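Could you walk me through this model in my viewer, one selection at a time? I would like to know what to click on next and what I will find there.

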Amino acid sequence: MEKTVYIRLRHRVQVYPDDCITVSMIAQIVAEEQLRDMIGELEVHQVQPSDKNIVVIDVMRVLSAVHKTDPDIDVQAVGPAQTIVEIVYQKKTYSPVLFALVWLLLFVGAALAIMNFHEDVSMQLVHKRLYTIITGETSEHPLLLQIPYSIGLGLGMILFFNHLFKKRINEEPSPLEVEMFNYQLDMDMYVSMKENKESTKKIDDN
C-alpha cells in the first residue's frame, strides 16, 4: 500500500559543528507516527569543517534519502525548495574595554551626525525666530525651546526604533527591523543560489 508523507523544509535552522543533520531537524513532517519517526531520523548531511558557516540542503537530497530507505513512500514536498543551515560556533568573548570603545565611537558618531544636520538646516536660527515670535523678546539662547526640543528628540528616537534598551515598546516592528529583515531575505536568497550546487550547472560539469 502506498504511504504518503508530506514534508515542508524550514527556511533556516541552526546546528553545532560535527552535528548530524537529520530530516526532522530541517523539515516538518506529516505522516502516521511510526513513518514520521522513521523518516525524521534519516541522515541527510554530516557537518564538516569544510562547510564553514553555511550549508544549503536541497529538497532533492531529502527525497533521495527517503526513497533509498523505502521506494514505496510517496513524498509530497511543499514550501521552500532548500533549507539554509547555519553552523553556530562558540562565540568569542569581547573585553569590556573594546565594548566601551565601540560604544563611544557610535555615540560620538551619532551625536556629530545630529549636530551637523541641525547646522545644515540652521536649527538655532529657527529656535531664535520661534522664540521671538512666541515671546516677543530676542534671546541668543532660547532654552525654553531648546531643552524641550532636545528631550523630544531623544523620545522620538526611542519611539522610532520601538526599543528602550532591550525592551520592545509594542509589537509593531521598527523601520530598522524591517530593513534588517529585508537584508536577511536578500542574503538568504543569495546564499541559496550561491551555496546550493544543485541550482546551477556549468558546461564542463559532468
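Predicted model: local features only at pLDDT ≥ 70, side-chain atom pairs only at ≥ 80, totals over all residues.

D188 is buried, because its relative accessible area is 4% and the cut-off for buried is under 20%. Its place is helix α7, which covers residues 175–195.

The side chains of D188 and R12 form a salt bridge, with 2.4 Å from N to O. R12 sits in strand β2, so you are looking at a link between distant parts of the chain, 176 residues apart.

E86 and R12 form another salt bridge, and here the closest N and O atoms are 3.2 Å apart. E86 belongs to strand β8 (residues 82–87) and R12 to strand β2 (residues 12–15), so this pair ties together parts that are 74 residues apart in sequence. E86 is partly exposed, with a relative accessible area of 26%. With the three residues displayed, you can see one network: R12, E86 and D188 are joined by salt bridges that share partners.

How many salt bridges does a search of the whole structure find? The count is four. For another of them, select K3 and D70, whose closest N and O atoms are 2.4 Å apart. K3 lies in strand β1 (residues 3–9), while D70 is in the loop between α3 (59–69) and β7 (73–78), and the two are 67 residues apart. Colour them by accessibility if you like: K3 is partly exposed at 27%, and D70 is buried at 15%.

**Into the core**

Next, select I7, I26 and I39. These are the residues with the most contacts inside the largest nonpolar core, which has 27 residues. Which element gives the largest share of this core? That is α3, with five residues. As general background, nonpolar side chains in soluble globular proteins tend to be buried together.

Zoom in on I26 and show its surroundings. Leaving aside neighbours within four places in sequence, its contacts include R8, L9, R10, V13 and I21, and also V44, I57, V62, T83 and V85.

**A stop at H45**

Move to H45, in strand β5. Is H45 buried or exposed? H45 is buried, with a relative accessible area of 14%. Select C20 too: the two C-alpha atoms are separated by 6.2 Å, although the residues are 25 apart along the chain. Not counting residues up to four places away in sequence, H45 touches D19, C20, I21, D51, V55, I57 and R61.

Now show helix α5 (residues 123–135) and helix α6 (residues 143–161) as a cartoon. Their axes come within 9 Å and cross at roughly 125°. The two helices are therefore oblique to each other, and their crossing is right-handed. To see where they meet, display side chains: M123, Q124, H127, L130, Y131 and I134 on α5 meet L144, L145, Q146 and Y149 on α6.

**Two residues with positive phi**

Step back to S122, in the loop between α4 (96–120) and α5. Its phi is near 55°, a positive value in a residue other than glycine. In general, most residues other than glycine have a negative phi. S122 is partly exposed, with a relative accessible area of 32%.

For another example, go to K52, in the loop between β5 (43–46) and β6 (54–58). Phi of K52 is near 60°, and this too is a positive value in a residue other than glycine. K52 counts as exposed, with 60% relative accessibility.

**Back to helix α7**

Finish on the helix where you began by selecting S192, which is found in α7. S192 is buried, at a relative accessible area of 9%.

How values were computed
Residues numbered from 1 in each chain as written. Heavy atoms only, no water. Helix = DSSP H or I, 4+ residues; strand = E, 2+ residues; numbered from the N terminus. Buried < 20%, exposed > 50% of the residue type's maximum accessible area, 1.4 Å probe, protein only. Core = buried A, V, L, I, M, F, W, Y, C linked by side-chain atoms within 4.5 Å. Contact = heavy atoms within 4.5 Å. Axes fitted to C-alpha atoms, helices over the stretch in contact; angles between N-to-C directions. Parallel < 35°, antiparallel > 145°, perpendicular 65-115°, else oblique. Left-handed = near helix turned anticlockwise from the far one by under 90°.
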